Structures are given as C-alpha cells and as structure tokens.
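Have a look at the fold before reading on.

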Amino acid sequence: MIASTVQLEIPILLPGVEDECDQCVTRLIERLSQRKGVGQVHVERKDEQARLCIHYDSNVVSLSQVQRWAEQAGTQVSQRYRHETVRITGMDCPDCALSIEHILARIDGIVAVSVHYAAEKMRVEYDSTLLDREAIVKRVKSLGYAIEEDEAAKGWIRDNWELLLSVACGLFLAVGFLGETLFGLPRLAAIGLYALAYLAGGYDAARHGFKAALHLRFDIDFLMVVAALGAALLGEWAEGALLLFLFSLGHALEHYATDRARAAIRALGELAAKSALVRRDGSETELPVEEVLRGDIVIVKPGQRIPVDGSVVEGQSTVDQSPITGESVPVEKSKGSEVFAGTVNGEGALDIEVTRLAQDTTLARVVEMVEEAQTQKSPTQQFTERLERIFVPAVLAGVVLVIILPPLVGWLSLGQSFLRGMTILVAASPCALAIATPSAVLSGVAQAARNGVLVKGGMHLENLGGLSAIAFDKTGTLTHGRPQVVDVVGVNGTSEGQLLTVAAAVETRSSHPLAQAVVREAQRRGLDLPSGGDLESMTGRGVRASLDGHRVLIGNVMLFESEGVDVPDDLRDRAQTLEAQGKTTVIGYGPTAEVPVAPAPVDRASLPAAEGGGQTTDFLGLIALADTPRPEARGALVRLNELGIRKTIMLTGDNERVAAAIARDLGLTDFEANLLPEQKVEAIKALLGKYRQVAMVGDGVNDAPALAQATVGIAMGGAGTDVALETADVALMANDLSKLPFAVGLSRQARRVIRQNLIVSLGVIALLIPAGLFGLVGIGVAILLHEGSTLAVVANALRLLGFKDDAALAPPSA
C-alpha cells in the first residue's frame, strides 16, 4: 500500500453560515475525529476559502467514506478528489502489484493507490484537477497489464493463456533435452528448442519485469528472467528453460487456485437482476434496473430474483434472503415488509414499491464495500511488505557476493558460483510470503460475505480473530429492542389512563424504543392523546416537555435528580421492586386531575420538591416496561465462550437491577448500567486498557461512538440500515446474533491460516538459502520447492471458502 496515511484537503462550505464560526468548525472537527481511521482534522483558510484537512489511514477507511462522513458532519464537499476501483489482469506474482503501486504513486495527483494481487483489484484515489481515470488506466496498460473492461470477450484460450504458454515451454524443453541426451539431436537444434522454451515461458515475466526495472523496481519477474538469461550465457540452456517452465507453471496454477476466491466475490455482483417488470400508468413494462425510479411499483413473480430494494404493497410470499443476510430459512413477506435486491421470491407474487435506486441498494453497497475491503491491507500484510523491502535488497547484495567472491579466491568456477547465486535468488524469492496473507484475507472476506457477514477489510478480519472480550449494547442487540408496557402504577389518585395519556402525549414526538412502547400502549387502549409541546430529549434520562401549559417530566430517577426534583420514597421503592424483576421503569410528573389548566407554561425552576411524607400531587406514577432477550442470544454467548472470548460485557443505559437480571438470564460475565452514550465510550476505553482487543456490538446508530472506539465495531441488521453499513467495521446483515460466533470463528481460522502460511513460506526460504549456498540443492529443486510453497499457501487459504458454522466451535489458537 502506498501512502497509507493520507492528507486530504477538501474545499468546504458550512451550510447556512456565510463566515464559518469557531463553534461550527469545532463541532465539525470533533465529529470527524471520532471516526475510526481518521487522525488529525483541522480547517485551514486560504484565499478566503475554508479547506478541511483530514489525515486518514487508507488501509482502514477509503476516500469515499471520508467524503461521506464530511458531508454527514455538515459540509458541502467538492468533487475534486475521486476514487476508482478497477480489476487488473495479467499480474503473475505479488511483486507485480507492488510495482504498479510504486510506479503510479510517483504520478502527480495520486493521493493513494492500493493493488491487491490475489483479488486482482486496484483502488486509486486521485486529484481530478491534475489527472483523470483515462490517464491512470493508460499508465497501467503501458506496464503490460489489462483492465477488466478489456476482457469482455474472453474465451477459454484467453482465460488460460498463461497455462498454455507454460505447457508449450515444457514441451519445447522436453523435446530439446530428450532429443539431445537420448537421440543425438545436434546441439544447435537443441539450443533452438530451448530458445523457444525461453520465449514461451519467459514472455509474461519479461514484459512485466523489464518495464518495472525501467522504473527502478526489480521484482521477481525481472530476477527470474535475468537468472535464466545468465544460465544461457554460461551455456546452461536446459537449466534456464527449466527455471522458466517451473516458474510460469507455478504461477499459472496459482492463478487458477486464487480465481476460486475471486469467483466467490464476483458471484455477489452477479446476484443483481438486470431488469424489472414495472407497472406505470396502468401498463406493465420490462425495464433495465438502472431505469427504475423510487416510487415505481415492481412486479415480482414466483421464483424470480427480486431486482430492487423496496416495500411490499401487495401480495404475500416467502423470500430466500440467504444471498444477503445468510439466513438459512426463507422469511415471510406481506404488505409493509422490507425486501432486498438479489433475494429470491418464493411461491407467491409480490408488488413492491421501490425505495432505493439500483446503485443504492443494499446489495450494491455490500459489493462496493467488499471491493474496498479487498484493497485495504491487513497489519500482517503491511508487515510482510516492509520486511520484503529490507529482505530483497539484502538478498540481491548477497547473491552478487556469492557469484563474485568464490571464483576470486578459487573456491568455485564462475559457472558454479553463478548457478549457486541463482539458486539462492530463487530460494529467497518472497512470492509465497507475499501471497500468504492476502490470499487468506480474500478467502475469509468472501466466505463471510456469502454467509451474511460484511467484513470491511483485512485489518478488521485479523482483529476480529484476536478478540478476548466483547461488549454488547442491550436494547436491540441482546434484546428484541421492542419493549412493551407491562405495569402502569398511578399515585396521588391518578388513574392508569391519565398517566398513559400524559406520558404518551409527549412521547409521540420521541423515537426512543421506550417512548414508542408507551405510545403503542396508549393507542391500544384507545386513549385520546392531547398535543404536547417543547419536547426536549435528555439522553440517557428521559424527556422534558409541556402539556396544557404545564411542565411534564417522563424519565428515570437521574432525570429528576438533574432537574432538582426529589422523587418520593414510596415511588422509588415501587420502581426498585419492578426493576428487580428485570423491568425498566419511567416516572411520570405533570398535570394531575387536581391541577387546573394554566394558559402560561410553568418555569422549570417552579417545580415543587417533595414535602412532608414525600408525596406531591404533581407525581403521576410510574410505568414499567420489559424487553425480552433474543432467543438466540444465550446460545451465541455460550459459543463465544467456547471460542475463547473470556469476557462478555453488557453496556446499557438501563438501571442496575434490570441490567443484572438480563445479564444473569443470558450468562454474561459482567455488565455496566446507567451509562450515557459518552460513558459507553469511556467504558470501552477501560476495557481496551484491560483486554487490549475489544469488540463492541450494537445497532450502529445510538452507539456509533462506542463502535468507533472499539478495536472492532460490529453492527447488527446491516441489511436494513445504511447507518449500520456505514459506521461498523463488521456488519451482521441479518438481525441475528447467532452470526457473531460464525464471524469470530471464521476470523480465528483466518488468523491460523495466515500463521501457517507465514511458517511455510519463511521455513522454505530458511531451508533453501543455506542449502543452495553449499550446493546441496540445484536450481531445479529450488524452483520446485519455491513454487510448491506458493501453491501450498494459496491452497491452505482457499480452505476458508469451505468454513462452516460448526467449525466455529474449534478451540482458538494461542
């Protein structure tokens, strides 16, 4: 990865403000600085224009994400900086990817560039005032590589031309060698056949290697060609041809193997339907999905793939959502149900109102994010690339010494020392090391996506597999997130209906799950709700509003303490009794039957405190609500423990008694209650200090700051919300907690595979270098072991494509 830490300057305009005020700028910087992967953020004013300077890690976040965050924070972002993700074909080794990065990064206007060899993907971020996409594509093509759009008419031969050239190389080599040794073929004729073998086996390596060398990038292609030519100069034509044959054959087989992982990724994009049957103005027309508009009615017949994201307006059916969410059982859909593009309709017909354009569907967003994930390099991959930058030059220097010194002191002839030097060069080639991590990451990300888990990069895949503690939000994560009113207790002569009327009247304007539960109960009882006003939400405490000119408080004890109002002891006791049963309570304060309707609002300071016996006519009573745990939550927590997650902690704004009851029922190891959103962030920081790597699981909305603070932020229900997809490092597309053990188990297995691959690749290098130095192995054996280790690590990585849910129960590695 070139330019991992990027400084981006975005011309901005704060909406509604002619001159950017310090307060607005401070708020903007605070919001962006909280995002994972974003470092320093500051605003510079040049030539009477504000420029937002964002320093971000392009291995963690992409340019498009940074721009979206800036817009969400309240800026108008220019389109000066752009990004492209394209497929590059023709790379025959990981060094090719590094060469492309090295050469493109030197072009003025390139902000960041990342090329992923295993995925055949390049992501480039650039300044559109200095260059455009065409210039970048042209530069890549000039290096001898092809861009995906050039491959539209590919057939079997074009798909397998590397293998065909390698086979031709082997045939020429075999005929020349056998003819010369067994049938008396003249030496000159044998050399001609060897030369043909050179052309067939070395064509691809030469066209890439020499172009890279012109830019002072000496990759493995260049070194292999030089070694073969050196062998020819010394008269060892057969050795050189064997080197090129084994090298080209190894890479052809490697490409065939890694294409399995690439195909798994490409299959996601192929889920999208190409056309949709649309009803407009009373007639039905088949249209390309790109021409379907929001609000259109799309007709989906039984057995068809749903082409759009939308809401069912007519019909009933079951829908197979496994391509998006990984759910194994079809989901019932009826009027009002949400459906997703790429899923498969069952036996009933559905009329669907389109809610998202084709480019904005959940499937399109997932495909885009998976493509971004392929180009973001994991910590292990970054480490191996740094190691290569030191190791390769050292090996080259050593090879030169091996070739020059022995003949000078009379130990070996020039021919012998040259062959030993070439053997060491082959042995020390870091091809297997370079592909060890990206092949595992590609397979892991692909398998996760196929099972409804979106992992947004190799860094998050590795981190997820190294967790020792996971924190959970309660509402909507461990519980259904749809609480119900179970008890209504009036005081001071207040009836249940009056208490619910006052509470629901002000809660109708709140989106909090508890508020909506109160409103649903009032509506169920058929209560007539007056209009409340001046609603002010007090995060983590409740709401303050006015009703008929009187101040109304609906919330927990902390709300009343912040307002300076004493809650009567008997009301506190009743609340504590209900909370001990695992229920959440809210206390109501407002106009009672005895309080006359006043035309003017009551000032907050005029609220009376408790008197005498601790009662006041202004307290209406309390409402108890219960939110039941998800049925899969306990099983998921048990499996996480079996995977080696030592600590599972619930972080909730609910009271301690409710938190304790739910923690006890689900088998959580710990909980923290009465937390405000900012306190959840502090709790995550404390857990990080204790356990080093901690995940936070939530809905991605109310707990976004805590998700950003955690090592890995995991959001549930990603298929239903853009916010979850945007804020999380990992998104469970189904609203199903049982996918979490699968994700953790897959990530642990990926870490094991990466570790095994590194041991194999480094072990082969450590074995062959001394063996080649002392003449114990020849160049042919070195090539066999070198290419064999490369194929071995790729094959090992591809095992991740077969990872199953029950494999998550395997014990974690140390």
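## Ground rules

This is a predicted model, so keep in mind that local features need pLDDT of at least 70 and side-chain atom pairs count only at pLDDT 80 or more, while totals for chains, interfaces and linings use all residues. Residues are numbered from 1 along each chain as its sequence is written, and side-chain values use heavy atoms, with hydrogens and water left out.

Helices (H or I, at least four residues) and strands (E, at least two) are DSSP runs, numbered from the N terminus. Strands count as paired if DSSP finds at least two bridges between them.

## The sheet from strand 9 to strand 14

Let's begin with an open sheet of six strands, which run in the order 9-8-10-16-11-14 with antiparallel pairing. Its edges are strand 9 and strand 14 (338–339), each of which pairs on one side only.

Leu277 has Glu286 of strand 9 as its bridge partner. The two strands make a hairpin with two residues between them, and Asp281 in the turn has a positive phi of about 55°. Over at strand 14, two bridges join it to strand 11 (residues 310–315), and the two run antiparallel. Here Ser311 stands opposite Glu338 of strand 14.

## The sheet from strand 19 to strand 20

Another open sheet has six strands in the order 19-24-23-22-21-20, again with antiparallel pairing. Strand 19 (484–490) and strand 20 (533–538) are the edge strands, each pairing on one side only. From one strand to the next, the twist averages 15°. Within this sheet, strand 21 (residues 542–547) and strand 22 (residues 550–555) run antiparallel and are joined by six bridges.

## Helix 17 against helix 18

The axes of helix 17 (residues 496–507) and helix 18 (residues 513–524) come within 9 Å and cross at roughly 125°. That makes helix 17 oblique to helix 18: angles under 35 degrees count as roughly parallel, over 145 as roughly antiparallel, 65 to 115 as roughly perpendicular and the rest as oblique. Helix 17 brings Leu500, Ala503, Ala504 and Glu507 to the contact, and the helix 18 side includes Val518, Val519 and Glu521. By class, the contact residues are seven nonpolar, one polar and two charged. In this scheme, Ala, Val, Leu, Ile, Met, Phe, Trp, Tyr, Cys and Pro are nonpolar, Asp, Glu, Lys and Arg are charged, and the others, Gly among them, are polar.

## Helix 26 and its partners

Helix 26 (residues 739–773) packs with helix 27 (residues 779–798) at an angle of about 175°, the axes lying 9 Å apart. The two are therefore roughly antiparallel. Among the contact residues are Val753, Val760 and Leu768 of helix 26 and Leu785, His786 and Val793 of helix 27. The tally is eight nonpolar, five polar and no charged residues.

Helix 12 (residues 379–409) packs with helix 26 at about 5°, with axes 14 Å apart, which makes helix 12 roughly parallel to helix 26. Thr380, Thr384, Phe391 and Val402 of helix 12 meet Ile754, Leu758, Ile765, Ile769 and Leu773 of helix 26. Those residues divide into seven nonpolar, two polar and no charged.

## Salt bridges

How many salt bridges are there? The count is 22, taking a salt bridge as a side-chain nitrogen of Lys or Arg within 4 Å of a carboxyl oxygen of Asp or Glu. One of them joins Arg87 and Glu120 at 2.8 Å, N to O. Arg87 lies in strand 4 (residues 81–89) and Glu120 in the loop between strand 5 (110–116) and strand 6 (121–127), so the pair ties together parts that are 33 residues apart in sequence.

Notes. Axes fitted to C-alpha atoms, helices over the stretch in contact; angles between N-to-C directions. Contact = heavy atoms within 4.5 Å.
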